[in-house]
Amino acid sequence: GGSSWGEAQSSLGLRLSLWCIPQVFFYTLYTIASQLMNARGRFTAVAWMPSVNSLIIILACIPIIAVGTVQANSPESMSAWEVILLGGSTLLGSALQSAFLVMFLHRAGFRLRLRFDIRGLGLRATAKMGLLTIASVACFQIASLVTAALSTQAGSAAKHLGYDGRGYTAIFYAQTLMSVASLVAATGLASVLLQRLSWHYAEEDYEAASNEL
């Protein structure tokens, strides 16, 4: 937010980020476990696990909404217990969905075996894809950071000029609605489609697979 952020906003952002940063590990674990499950044709658990995460966060938001003391334009209105509840539930949700998926992966017969030989593992091809993925994520994060900074400062500048400035909040709401819609389509429908396609390919019915696709 730059100069448009006050001490209360910076403090709240820092406290919430401390709860959110550990989620990087759990979402990475979840992504790897999802790919391993998909490779074994187990798509249903992958499709439903995000619901566990969402449910925990929704339940945590209920007491915050019931108390009703948090105001959108007042960062200092969010008390310490509300920060802990919201941040902790977000972290717990990501941890539980990863833990459940790893448990299902274990039931699917996957066993982790440590290998110390690195030849023949396809690391060169993996490294190329990894670099492309990192570049893609970096571009997305830079674009998101620039968008957040410009919109926040624009909203603050509009407010100082006497206009009803919306800032980053409006963009965030729009992005959230788009993300929810796209994730429901991608996670739900695509998982069902992948499961049906895997059955066709397992039975070597390529015509049915083509029609399904």
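Helices here are DSSP runs of H or I with at least four residues, numbered from the N terminus. The model is predicted. Helix 3 covers residues 44-67, and Leu59 is found in it.

The aromatic residues come next. Across the whole structure, a search finds four aromatic pairs. One of them joins Phe172 and Tyr173: the ring centres are 6.2 Å apart and the planes meet at 50 degrees, so this pair is tilted. An angle between 30 and 60 degrees is what places a pair in that class. Tyr201 and Tyr206 make another tilted pair, with 5.9 Å from centre to centre and 50 degrees between the planes. Phe172 is partly exposed, at a relative accessible area of 40%, and Tyr201 is partly exposed as well, at 45%. Phe172 and Tyr173 also belong to a cluster with Tyr168, held together by ring pairs.

The cysteines remain. A disulfide is a covalent bond between the sulfur atoms of two cysteines. The cut-off for counting one is a sulfur-to-sulfur distance within 2.5 Å, and by this rule the count is zero. For Cys20, the closest cysteine sulfur belongs to Cys61 and lies 12 Å away, which is too far for a bond. Cys20 is partly exposed, with a relative accessible area of 36%, whereas Cys139 is exposed, with a value of 53%.

Key. Residues numbered from 1 in each chain as written. Predicted model: local features only at pLDDT ≥ 70, side-chain atom pairs only at ≥ 80, totals over all residues. Heavy atoms only, no water. Helix = DSSP H or I, 4+ residues; strand = E, 2+ residues; numbered from the N terminus. Phe/Tyr/Trp six-rings, centres within 6.5 Å; stacked < 30°, edge-to-face > 60°. Buried < 20%, exposed > 50% of the residue type's maximum accessible area, 1.4 Å probe, protein only.
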